[in-house]
Amino acid sequence: MDQLSFDQGRKYPCDECEYQATKISHLNVHQQSVHQGRKYPCQECEYHSTTESNLTAHHRSVHLGETYPSQECEYTTGDKSSLIKHQKSIHHGTRYPCPECDYLAGTERNLKSHFNRIHNEKRFLSQECDNKAKTKPQLSTNNESVHKGRKYTCNECDYQTNKISHLDVHHQVVHQGRKYPCPDCEYQATTKSNLTVHYQSVHQGKKYSCQECGYTAGDNSSVIKHQQSIHQGIRYPCPECDYQATTKSSLTRHNQSIHIGRKYPCQECDYQATARGHLSTHYQSVHQGIKYPCLECDYEATRKDLLSSHHKIVHQGRKYSCELCGFQATYQSSITSHRQSVHQGLKYPCHQCDYQATQKSNIKRHIQTKHINKVEVELELTIDKSEIKLEQAFKQEVSS
């Protein structure tokens, strides 16, 4: 397959910005939507499209329920072009290699997005703050959501997002039950990009490695987040308390859970989760009894990632090492806690006494044992409790 070129071919530059199109029709659409503000609103929801064809596809897919099924698997989509891309990527194995790294994209669009996001040093500066966006849509989203406070609300639940595309995905996944099944296993993704990452990682063995340690991931974005969090020490501080998150999504989840009090209740019991993913894991494990058995011993995991960790730790003897002192642990989270407490001096203070812990789990245990009031525990504890609970349960299972 020929490698996609980013430099060859005629370009049509925009007179008002640095945008360059490969087709004159694309340039016209860009000028009308970006500089003239032309939109095509949906008459049945808040969706706005930049082209009439996209609006038609949205209406047929979301409001009329029209779908195009794959003849080779259970995949369905709302437009023919997505079906063709799915066939090429999943069933025909078509890939578009990045000229700068080992990344293989399933579509040309994904390759261009990857290239601009990872390898292109060009940034778009916000006029309102210090934000440096990698793409113009990201800059526009920042301005709309952060400085104008724009939110898109689901008309069937209380879900809110700052991107209309996220609202569409939410509606299709949560309220329409749309899934993207893997043709080689029982995995079902909520987005096409997640399915591609899963297929490349699990079935093709595609891995991305950190150049500074032995960390590996199935997608490049996870490696970037790892490098920013572990090696660059990037943190996202909470404006309401002393909590510092390692990712923006973790900060959002913390804010919704701790300061807004948002919970996701289970319909079968009194359990309340701080994230939808945790509620799904709870429901499948507790009420549906879904287990993932190890093929080499009697261990059964409640999640696929826990089974993978069990196999690597117990049967492969994998260890994680601190690059600063040689300390070894069986969990990456233990290395992170070690590095933060020993080498960075990070402490987790109790807001009701002078106690300071070196680990998140220790401050939780302290509050629960020394300050018994559970309401205060909910309000004072600025950590992701569900994640710690799952990790502790897994450690107990592995050691048993």
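Tutor: Let's begin with a word we will need: a helix here is a DSSP run of H or I with at least four residues, and helices are numbered from the N terminus. Please keep in mind that this model is predicted.

The piece I would pick is helix α6, which runs over residues 164–175. Its 12 residues reach 16 Å from the first C-alpha to the last, close to the 16 Å expected at 1.5 Å a residue. Now look at which of its residues are hidden. I164, L167, D168, H170, H171, Q172 and V173 are buried in α6. What lies over them?

The buried residues here are L27, H30 and S33. Seen down the axis of α1, these buried residues fall within an arc of 145°, so they line one face of the helix. The buried residues of α1 pack against β1 (12–13) and β2 (20–21). Just after α1 comes G37, with a positive phi of about 70°.

Then there is α12 (residues 332–343), with 12 residues and a reach of 16 Å between its first and last C-alpha, close to the 16 Å expected. Its buried residues are Q332, I335, T336, S337, H338, R339, Q340 and S341. These pack against helix α8 (220–231) and against β23 (320–321), β24 (328–329) and β25 (348–349). After α12 you will find G345, whose phi is positive and near 70°.

For a view of one side chain, turn to Q87 in helix α3 (residues 80–91). Q87 counts as buried because its relative accessible area is 16%, under the cut-off of 20%. Leaving aside residues up to four places away in sequence, Q87 touches S70, E72 and H92. With E72 there is also a polar contact, side chain to side chain, at 3.1 Å.

Next, the cysteines. A search of the whole structure finds 0 disulfides. C42 is in none, and the nearest cysteine sulfur, that of C45, is 3.7 Å away. C42 is buried, since its relative accessible area is 9%, under 20%. The sulfur of C241 has its closest cysteine sulfur in C238, at 3.8 Å, which is too far for a bond because a disulfide needs the two sulfurs within 2.5 Å.

Finally, step back to the whole chain. It has 15 helices and 26 strands, and buried residues make up 34% of its 400 residues. Among contacts with a separation of 6 or more, 22% join residues 24 or more positions apart. The accessible surface comes to about 24200 Å², with 45% of it belonging to carbon and sulfur atoms.

Technical notes: Residues are numbered from 1 along each chain as its sequence is written. This is a predicted model: local features need pLDDT of at least 70, side-chain atom pairs count only at pLDDT 80 or more; totals for chains, interfaces and linings use all residues. Side-chain values use heavy atoms; hydrogens and water are left out. Helices (H or I, at least four residues) and strands (E, at least two) are DSSP runs, numbered from the N terminus. Buried means under 20% relative accessible area, exposed over 50%, partly exposed in between (1.4 Å probe, protein chains only). A polar contact is a pair of N or O atoms within 3.5 Å; within protein, one must be able to donate a hydrogen and the other to accept it, and residues adjacent in sequence count only if both atoms are side-chain atoms. Contact means heavy atoms within 4.5 Å. The arc is that of the directions from the helix axis to the C-beta atoms. The expected span of a helix is 1.5 Å times one less than its number of residues. Accessible areas come from the Shrake-Rupley method with a 1.4 Å probe; for residues, only the protein chains shown count as cover.
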